[in-house]
Amino acid sequence: MDDIRFAERDLCVTEAKIAARDVQVHYGTNHALKDVNVDILEQTVTAFIGPSGCGKSTFLRCLNRMNDTIPGCRIEGRLTLDGQDIYDPRVDPVQLRAKVGMVFQKPNPFPKSIYDNVAYGPRIHGLTRNKAELDEIVEKSLRRAALWEEAKDRLASPGTGLSGGQQQRLCIARAIATSPEVLLMDEPCSALDPIATAQIEELIDELRAQFSVVIVTHSMQQAARVSQRTAFFHLGRLVEYGETGQIFTNPHDPRTESYISGRIG
Amino acid sequence: MSIGILVLAVLILAAAGFVLGRQRALATAGGDPRRLHSLPGHYGQFTAILAAVPALVLLAIWLLAQPLAIESRIAPMLTADSPADRSLAMADVRRISIGLDLLAVSDRLSEDAVASLSSETLAPRLRQVGTAVTQVTPEALSAAKAHRTMRHTLQIWMTAAVGLTAATCFVFALLRIRPDFRARNVSERFVMWLLIAASLVAVATTAGIVLSLVSETLHFFRIYPAREFFLSLTWNPQFRGGSDLGIWPLLWGTVYISIIALIVAVPIGLLTAVYLSEYASRRTRGWAKPAIEILAGIPTIVYGLFALITVGPALRDWFAQPLGLGASSSSVMTAGLVMGIMLIPFVSSLSDDIINAVPQSLRDGSYGLGATQSETVKLVILPAALPGIVGAVLLAASRAIGETMIVVLGAGAAAKLSLNPFEAMTTVTVKIVSQLTGDTEFASPETLVAFALGLTLFVMTLVLNVLALYIVRKYREQYE
């Protein structure tokens with residue numbers, strides 16, 4: 001594990017942004033997620049690792065109720081965002097998703113111009129009063145997604161014409177344009193080459209200043225590089241959750257150790 | 001030998017070729033199929049193809065060429081004033097010639113007896129064996145006898161030529177079989193040509209339709225001024241000639257009815273498609289989609305009856321008469337509404353498929369940003385599906401333009417230029433039917449105008465289709 005460069009871990013924050021208590025998820029008869037208890041901290045990058053099908057993406061999608069769109073999906077337990085129950089009937093999933101943004105595994109820019117892609121969220125949520133404000137948000141978001149220099153001269157050209165890495169950064173810009181409080185990333189680099197991956201990882205580290213970031217990844221190096229907290233899922237259970245350095249160097253659970261040393265997965 | 005038996009014989013030879021070719025291939029390889037270049041079956045196919053295809057092609061060409069050859073020899077024996085008379089006389093000769101065959105069989109006549117038949121008493125005897133002739137002139141009879149002899153001789157030659165070709169190719173194929181012979185390539189090549197031939201049928205038919213339309217249209221414009229046809233605003237065909245055959249009243253009727261139909265069909269169809277693909281549960285969709293598609297299976301004549309009996313009178317009693325817009329139950333509105341209902345499944349079914357083809361990742365992306373379902377549909381899904389939807393609408397438009405039955409029963413047959421949607425009007429297609437089925441002489445402008453109308457219609461739908469293709473290509477969104 002010496003080759004892994006650990007991110008700086010200044011964990012001054014200990015407040016839980018999202019708290020999960022005994023979360024169970026069923027897809028029809030399939031019990032996909034069992035007894036998950038986790039506190040996701042503010043201004044922290046939390047990585048979810050684990051073998052395919054272990055439930056980490058499912059749990060991620062619970063955090064902004066994206067599972068609502070899947071028929072037959074049932075969620076039990078308590079999930080809170082700033083103390084407010086996410087699955088309370090009074091909570092509007094639409095408003096929740098504005099607060100909890102999401103970036104997907106495959107870059108999925110809308111077939112619109114780069115500008116319209118970024119302006120999509122602010123427009124539907126009515127975040128701006130005029131064109132100048134919208135321009136400002138678009139520029140700010142693209143700058144923070146490290147795409148401004150490449151895209152500023154072609155804001156009107158379609159977002160689908162960008163390269164894979166640029167498209168993924170566009171999707172990140174689109175997600176942060178609505179100023180969410182939590183940013184969920186579902187394997188954001190799995191379709192990208194190493195250079196684009198490095199750019200996105202750098203970006204994630206910068207985003208930590210404003211948001212709480214949750215990232216699902218299959219790359220343990222990536223988890224070690226970008227995150228301060230790591231959760232290891234296996235067969236629908238949260239096996240171990242703790243400070244990233246501790247998980248990778250001194251895991252308490254033998255299953256975690258087998259996974260990070262490549263014996264299971 | 002009759003043609004059916006000949007074809008059967010060739011096919012039996014081909015089947016034998018398959019078995020023999022396969023066996024011979026295995027025998028040359030010493031019974032080990034691994035030493036062969038291709039599978040044993042490929043050698044069988046090779047032999048069968050070679051035995052059947054050249055012979056059958058020869059047969060087809062012969063059958064096409066034989067009547068032409070015979071008739072060019074017979075033609076000088078007939079006296080005729082005009083090409084039309086000549087073709088009538090030739091048809092008589094053909095009928096008598098076939099009749100003689102039937103007569104020879106039913107009355108057991110020898111060849112000499114047939115040759116000595118005289119024309120006086122022949123007509124009733126021919127009618128008895130089922131040949132439709134009124135009278136037999138000596139000239140026609142002698143031509144028919146010559147026709148019959150030539151037919152018989154050529155038939156024998158044909159049987160010999162086809163049989164010889166099949167046998168030669170069959171032997172040639174068997175001799176070619178060696179372990180290193182690439183039989184698979186031949187059979188693959190044959191499959192390719194078969195597919196090309198199948199696609200050519202559609203293309204050639206289109207070309208043929210266009211050519212026949214064009215030639216008749218040119219004929220029409222020789223006897224009726226094109227200026228009048230394209231610029232005159234009256235449609236008033238007279239049986240005694242001197243008609244006004246301006247296309248505009250018909251074109252206007254077509255366009256007016258189609259527009260009303262599209263105004264009905266496009267919004268309803270599109271909203272249905274959005275509901276089915278985005279909102280409906282899988283179960284609802286499972287029965288709703290087929291139920292809507294039943295609409296597409298109703299014959300248009302049934303829609304026409306619906307227009308005539310239900311919609312027309314209802315519109316007249318509740319809208320046209322109270323508003324003082326007309327007293328006719330046939331109206332543009334009736335036909336347009338009913339045609340619109342007919343087109344709903346077209347628009348909805350095609351659009352539904354297109355909307356379903358929009359990747360789920362775009363929906364996820366939009367929902368993930370906190371968009372509502374209707375915002376997602378409006379801002380992401382419809383724009384992404386737009387080119388396909390435009391294609392679907394234009395397809396529906398060409399259906400509307402070509403529709404006939406609903407118009408006949410719903411909108412009437414009066415060619416009029418009017419803006420009142422409750423007035424009876426008619427379309428190009430209806431007039432094509434009425435002009436072609438009228439009692440006028442075929443070579444008159446009143447009949448030939450049907451072809452000019454047909455060509456105009458064809459050009460219109462062609463332009464719409466090309467436009468649809470262009471729009472789809474130009475604005476197609478690359479999802480990834």
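Analyst: Glu139(A) and Arg143(A) join their side chains in a salt bridge, with N to O at 2.7 Å. The model is predicted. Both residues sit in helix H4 of chain A (residues 131-144), four residues apart, so about one helical turn separates them. Glu139(A) is partly exposed at 27% relative accessible area. Arg143(A) is also partly exposed, at 44%.

Asp205(A) bridges to Arg208(A), and their closest N and O atoms lie 3.7 Å apart. The salt-bridge cut-off is 4 Å. Here the two partners fall into separate accessibility classes. Asp205(A) is partly exposed, with a relative accessible area of 36%. Arg208(A) has 14% relative accessibility and therefore counts as buried, the limit being under 20%.

In chain B, Glu423(B) and Lys416(B) form a salt bridge through their side chains, at 3.3 Å from N to O. Glu423(B) is partly exposed at 24%, and Lys416(B) is partly exposed at 30%. Over all chains, the structure holds 30 salt bridges.

Now the chain contact. H13(B) gives the most, with seven residues. By class, the side of chain B that touches chain A has nine nonpolar, eight polar and four charged residues.

In total, 21 residues from chain B and 24 residues from chain A take part in the contact. The two chains bury about 1,800 Å² between them, and carbon and sulfur atoms give 62% of that area. Asp364(B), Gly368(B) and Leu369(B) supply 31% of what chain B buries against chain A, more than any other three residues.

The UniProt record, an unreviewed entry, places the feature "domain: ABC transmembrane type-1" at residues 251-468 of chain B. Over that stretch the chain is 79% helix and 0% strand. Its end C-alpha atoms are 21 Å apart. Thr272(B) lies in helix H9 (residues 248-279) of chain B. Thr272(B) is buried, with a relative accessible area of 18%. Beyond its neighbours within four places in sequence, Thr272(B) contacts Ile292(B) and Ser348(B).

Notes: Residues numbered from 1 in each chain as written. Chains lettered and ligands numbered in written order. Predicted model: local features only at pLDDT ≥ 70, side-chain atom pairs only at ≥ 80, totals over all residues. Heavy atoms only, no water. UniProt positions renumbered as here; feature names shortened; annotations may be inferred. Helix = DSSP H or I, 4+ residues; strand = E, 2+ residues; numbered from the N terminus. Buried < 20%, exposed > 50% of the residue type's maximum accessible area, 1.4 Å probe, protein only. Contact = heavy atoms within 4.5 Å. Buried area = accessible area lost by both parts, 1.4 Å probe. Nonpolar A, V, L, I, M, F, W, Y, C, P; charged D, E, K, R; others polar.
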